[in-house]
Amino acid sequence: MNLENIFCPNLECPARGQTGEGNIVAHSHKEQRCRCTVCHKTFAITKGTPFYRLRTDEQLVTTVMVLLANGCPPQAIVKAFELDERTVQNWQEKAGAHCEAVHEHVVGQAQLDLEQVQADEIRAKTTGGVLWIAMAIAVTSRLWLGGEVSRKRDKHLIRRLAERIKRMALCRSLLLAVDGLASYVPAFQKAFRTKVPRRRQQGRCQLVAWPEIAIVQVIKRRTAEGLAIERRIVQGCSQVIDQLREKSQGLLGVINTAYIERLNATFRQRIAPLGRRCRHLARQEDTLRESMYLVGCFYNLCNPHHSLRQKLLLTKNRHRWVSFTPAMAAGLTNHPWTAHELLSFKVPPPRWTPPPQRGRRSKEVLKLIERWG
């Protein structure tokens with residue numbers, strides 16, 4: 001047990017989520033338990049991961065999650081490993097919830113120069129109707145920015161996706177490429193604004209739109225002559241759009257939504273209810289959301305992307321290719337994660353804040369604030 005990398009998960013502890021402070025000591029090497037010297041609570045090192053309170057071998061659980069993330073049917077896993085179907089479903093739910101927390105910690109809180117973002121929706125079949133998944137991808141790094149699930153493909157779904165993109169984007173030039181859905185344009189225009197307080201005036205803050213935000217639409221229609229594609233510039237000048245497009249796609253690129261469509265094909269291949277012509281139905285919305293984040297985290301952190309590889313020159317006549325994952329291309333990590341590393345990653349809780357109280361604080365509380373606040 002590397003005690004320097006372990007933090008206290010107790011939400012009532014002032015030292016929660018902080019590593020390398022010397023407050024974690026070994027409690028039992030046999031049971032893999034530690035103790036915090038601040039709150040005097042013991043905890044297992046697997047707390048906060050899908051392996052917590054599981055008696056099954058971690059390698060087996062990791063192998064099953066890798067197969068599920070790559071599109072293997074659960075029935076085949078049940079037959080191959082002689083497991084119960086409810087057990088596999090329970091593992092998948094825990095791993096999906098864990099991957100969602102990891103994605104929000106590693107990717108969702110990052111501030112990135114996205115340059116170009118493409119967004120689209122996928123239709124999923126359920127027993128009670130349909131579900132819609134709205135997703136987005138950063139073209140330069142091929143980073144999956146996350147997704148939102150809803151019963152209806154309406155403006156509320158697109159607004160949630162737009163707010164997710166805004167939280168991760170730096171206030172720089174940005175190209176947004178979408179299809180012909182009418183909800184995208186007003187949702188992006190409303191999201192990419194910042195509150196600015198009024199000077200020497202009363203009233204609420206003024207909403208100022210971000211500069212150099214370009215929005216383009218790619219509208220596809222089927223006609224008697226074939227497929228007609230219309231590329232429409234909704235917001236922004238053509239010069240800025242061409243600069244962002246060449247920077248993210250290359251000189252030969254055009255305005256398109258090909259990158260998000262390829263990502264949609266990856267998710268359709270690995271999640272059965274997203275397939276166009278299949279009889280597999282999703283029973284619950286939470287199950288589909290957990291499967292989405294399980295596949296998305298493996299795509300971002302574990303799977304190297306062929307188009308992101310770079311040539312490393314060893315000598316004048318020798319070279320080798322270096323693989324990069326989307327998270328590495330975005331500067332979020334420095335190595336491809338293994339499946340066990342992803343499932344055993346513990347998301348630290350937010351730092352402790354002293355509880356509000358009336359009157360003067362005691363000396364003990366002041367010492368805790370000075371030490372851990």
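Here is a friendly walk, in questions and answers, through a predicted model.

Visitor: How many helices and strands does the secondary structure come to?
Guide: Happy to start there, with the predicted model as a whole. The C-alpha trace spans about 75 × 70 × 60 Å along its principal axes. Within that trace, the secondary structure comes to eleven helices and 13 strands.

Visitor: What share of the residues in the protein is buried?
Guide: A residue counts as buried when its relative accessible area is under 20%. The protein has 373 residues, and the buried share of them is 42%.

Visitor: What share of the contacts with a separation of 6 or more comes from residues 24 or more positions apart?
Guide: Here we look at pairs of residues and how they are spaced along the chain. Contacts with a separation of 6 or more are the ones counted, and residues 24 or more positions apart account for 59%.

Visitor: Are helices H1 and H2 roughly parallel or roughly antiparallel to each other?
Guide: Two packed helices are described by the angle and the distance between their axes. For H1 (residues 58-69) and H2, the axes come within 10 Å and cross at roughly 150 degrees. Angles over 145 degrees count as roughly antiparallel. H1 and H2 are therefore roughly antiparallel.

Visitor: Which residues of H2 make the contact with H1?
Guide: The crossing of these two helices, H1 and H2, is right-handed. H1 brings Leu-60, Thr-63, Val-64, Leu-67 and Leu-68 to the contact, and H2 answers with Pro-74, Ile-77 and Phe-81.

Visitor: How many nonpolar residues does the contact of H1 with H2 have?
Guide: Sorting the contact of H1 with H2 by class, there is one polar residue and there are no charged residues. The nonpolar residues number seven.

Visitor: Where is Glu-82 found, and what is its phi?
Guide: Glu-82 is found in the loop between helix H2 (74-81) and H3. Glu-82 is exposed, with a relative accessible area of 73%. Although Glu-82 is not a glycine, its phi is positive, at about 55 degrees.

Visitor: Is Arg-142 buried or exposed?
Guide: Arg-142 also has a positive phi, of about 60 degrees, although it is not a glycine. Arg-142 is found in the loop between strand E5 (129-138) and strand E6 (143-150). Its relative accessibility is 13%, and the cut-off for buried is under 20%. Arg-142 therefore counts as buried.

Visitor: How many residues apart are Glu-104 and Arg-164?
Guide: The side chains of Glu-104 and Arg-164 meet in a salt bridge at 2.9 Å, N to O. This pair links distant parts of the chain, with Glu-104 in helix H3 (residues 85-108) and Arg-164 in helix H4 (residues 155-168), and the separation is 60 residues.

Visitor: What separates Asp-242 and Arg-245 in helix H6?
Guide: Their side chains meet in a salt bridge at 3.5 Å, N to O. Asp-242 is partly exposed, with a relative accessible area of 32%, whereas Arg-245 counts as buried at 9%. Because Asp-242 and Arg-245 are three residues apart in helix H6 (residues 238-249), the separation is about one helical turn.

Visitor: Which residues do salt bridges that share partners join into one network?
Guide: The structure holds 13 salt bridges. Among the salt bridges are some that share partners, and the one network they form joins Glu-104, Glu-148, Arg-160 and Arg-164.

Visitor: How is H7 placed relative to H8?
Guide: The axes of H7 (residues 258-270) and H8 (residues 285-302) come within 11 Å and cross at roughly 125 degrees. That angle makes H7 oblique to H8. The crossing of H7 and H8 is right-handed, and the term for their placement is oblique.

Key:
Residues are numbered from 1 along each chain as its sequence is written. This is a predicted model: local features need pLDDT of at least 70, side-chain atom pairs count only at pLDDT 80 or more; totals for chains, interfaces and linings use all residues. Side-chain values use heavy atoms; hydrogens and water are left out. Axes are lines fitted to C-alpha atoms, for helices over the stretch in contact, and angles run from 0 to 180 degrees between N-to-C directions. Helices (H or I, at least four residues) and strands (E, at least two) are DSSP runs, numbered from the N terminus. Angles under 35 degrees count as roughly parallel, over 145 as roughly antiparallel, 65 to 115 as roughly perpendicular and the rest as oblique. A crossing is left-handed if the near helix is turned anticlockwise from the far one by less than a right angle, and right-handed if clockwise. A salt bridge is a side-chain nitrogen of Lys or Arg within 4 Å of a carboxyl oxygen of Asp or Glu. Buried means under 20% relative accessible area, exposed over 50%, partly exposed in between (1.4 Å probe, protein chains only). Contact means heavy atoms within 4.5 Å. Ala, Val, Leu, Ile, Met, Phe, Trp, Tyr, Cys and Pro count as nonpolar, Asp, Glu, Lys and Arg as charged, and the others, Gly among them, as polar.
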